Each structure stands twice: as C-alpha cells, then as structure tokens.
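I opened my notebook to look around a new protein chain. Here is what I looked up, entry by entry.

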Amino acid sequence: ADGHEILKSDPFAAWSEHGENTASRVWKGGSYKWTDESYMSRRAARDFMREPMSIYELHPGSWRELSGKKPAYRELADSILYESAGFASLGFKDKRIAIVGETSPEWVASYIAAVASGNVAIPLDRELNFGELLGFLEFAEADAVIYSDAFNAKFAPYIGKLPTVKHFIPMSPEENTDDPAILSLSDLKEKGKAASAGYTFPLTDQDRMAVMLFTSGTTGTSKC
C-alpha cells in the first residue's frame, strides 16, 4: 500500500533464496518417495473444527522494516553492532539496561546488543502497571531504559528523577530535546556507527549475569 516491497520467508521451507532475496521456493522434493498416503486420507476425513489442531504462529509486527527497506539479517546485524558500539561510547560496561515496548526489530536488536556488549539486559513486560514497572527499574538498579513510543509520555515526568536510571533512550522520540538524560535510539546508533570501525564485541565471562528476568506474576507480584 505504501509502495514498499516486503518479502517474507518460511523458516521451515524446503528451499529458500539467499542473499538479499528471502522468498521461500516451491520444491517438488526430488526423488524422495512419500509414504504418508494413509495419514493424508485420514486427515482429509477429519473435522478440524472439532479436533485438536496445530496453528503456525505469525507475529506480523516482527516483519516491519528497520528503515523502510527490505528486511535483512545484514541490517539487523549492523543495528546490533552500532548499538553495542554506542553503549561502549557511553562508557557502558556491566551496566543494567532495561527494555520495554512492543515486539519489534528495535526491541530485538536492543536486547541482543545489551548482552553482546558486555552489559545486562532487563526485558520488562509492557503490560505491567507503570508504577510497578518503575519499581522494577529501581529494584533492578537499572542504569538505562530503552522504550517504545507508547512509553514516551509515561516516562516524560520521570526523566532525571529515577534513583538509578541515568540514560533514557526512546526508540521513537516525539520531539527533539536538549535534556542530556535523553538520547534517542537513532542517535545512540549514530554514535556507535561513528566508532564501529575500531569496535569489537568484548570477550565475556560465560558465568557472568547477562539477563535479569521477572516472572509473569501469575499468582502474585512478579519476581526477579
């Protein structure tokens, strides 16, 4: 509708294109002889509306482009590299980085970058009561929080007022700001891109803490 071409691939496809093309291709299976005729006959006679069934799950939001171009692993890898280098340019090492928002390429890249850069990722449930979310940020002693535009207005009154959070990183800031505590995700990645030529992912202790997870709190308050 917007003029962009989006290619989607099936991770279980028998044959997929390579490089910039990501389409799944029809494959007749070569000389392989299928032996499931009896099962296929039984399946055709079933009432799928009244029997258990398996549904292949697709999250449409995960196919959204990172920058208006065809989605590609190369672009995701670059985003992770630049964000990791951006953390390093801020002096982040063993820092605790909270991430909250809808499922998106930016969320995924931020999570991986936080861990790969030698820091600690703290994924938070976007459905949490905001007061509870603020409490988790304090409890986890988060140094930074990355958040989607759904949280711009919610975090605005707390910029510079949370006891441990020194860096507020909106994925899509609503407007430019001179507040030094706010650094947009795109600006963070620009910092990282400028320093990426000499950046390498740090070696890390495999026994170090890399992620802080909070339970869903099914029977009570969420716990770390």
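**Entry 1: the parts list**

I began with the protein chain and found 6 helices and 4 strands. For this I took helices (H or I, at least four residues) and strands (E, at least two) as DSSP runs, numbered from the N terminus. Read from the N terminus, the order is α-α-β-α-β-α-β-α-β-α.

I noted that this is a predicted model, where local features need pLDDT of at least 70 and side-chain atom pairs count only at pLDDT 80 or more, while totals for chains, interfaces and linings use all residues. Residues are numbered from 1 along each chain as its sequence is written, and side-chain values use heavy atoms, with hydrogens and water left out.

**Entry 2: the whole chain**

How much of the protein chain is buried? I found that buried residues are 32% of the 224 residues. Buried means under 20% relative accessible area, exposed means over 50%, and partly exposed lies in between (1.4 Å probe, protein chains only).

Next I looked up the accessible surface, which comes to about 15,000 Å², with 53% of it belonging to carbon and sulfur atoms. These areas come from the Shrake-Rupley method with a 1.4 Å probe, and for residues only the protein chains shown count as cover.

I also checked contacts, meaning heavy atoms within 4.5 Å. Of the contacts in the protein chain with a separation of 6 or more, 61% come from residues 24 or more positions apart.

**Entry 3: helix 2 against helix 3**

Two packed helices are described by the angle between their axes and the distance between the axes. I looked up helix 2 (residues 73–89) and helix 3 (residues 105–116): their axes come within 8 Å and cross at roughly 50°. That makes helix 2 oblique to helix 3.

My note on the terms: axes are lines fitted to C-alpha atoms, for helices over the stretch in contact, and angles run from 0 to 180 degrees between N-to-C directions. Angles under 35 degrees count as roughly parallel, over 145 as roughly antiparallel, 65 to 115 as roughly perpendicular and the rest as oblique.

Which residues make the contact? From helix 2 I listed Leu76, Ser79, Ile80, Glu83, Ser84 and Phe87, and from helix 3 Pro105, Ala109, Ser110, Ile112, Ala113, Ala114 and Ala116. By class, the residues of this contact are 9 nonpolar, 3 polar and 1 charged. Here Ala, Val, Leu, Ile, Met, Phe, Trp, Tyr, Cys and Pro count as nonpolar, Asp, Glu, Lys and Arg as charged, and the others, Gly among them, as polar.

**Entry 4: helix 2 against helix 6**

I then turned to helix 2 and helix 6, which pack at an angle of about 85° with their axes 7 Å apart. That makes helix 2 roughly perpendicular to helix 6. Helix 2 brings Ser79, Tyr82, Glu83, Ala85, Gly86, Phe87 and Ser89 to meet Leu185, Leu188, Lys189, Lys191, Gly192 and Lys193 of helix 6. I sorted this contact into 5 nonpolar, 4 polar and 4 charged residues.

Is Leu188 buried or exposed? Leu188 counts as buried, at 0% relative accessibility. Setting aside neighbours within four places in sequence, its contacts include Tyr82, Phe87 and Leu90, as well as Ile169 and Leu183. I also looked up Leu188 and Met171: they are 17 residues apart in sequence, with 10.0 Å from C-alpha to C-alpha.

**Entry 5: Val100 and Ser148**

Val100 sits in strand 1 (residues 96–100) and is buried, with a relative accessible area of 0%. Beyond its neighbours within four places in sequence, I found Val100 in contact with residues including Trp107, Leu124, Tyr147, Ser148, Phe151 and Met171.

Ser148 is in the loop between strand 3 and helix 5 (152–155), and at 4% relative accessibility Ser148 is buried.

Asp94 lies in the loop between helix 2 and strand 1. Its phi is near 60°, a positive value in a residue other than glycine. Asp94 is partly exposed, at 48% relative accessibility.

Glu141 is in the loop between helix 4 (130–139) and strand 3 (144–147). Glu141 has a positive phi of about 55° and is not a glycine; at 47% relative accessibility, Glu141 is partly exposed.

My last stop was Phe139 in helix 4, which counts as exposed at 57% relative accessibility.
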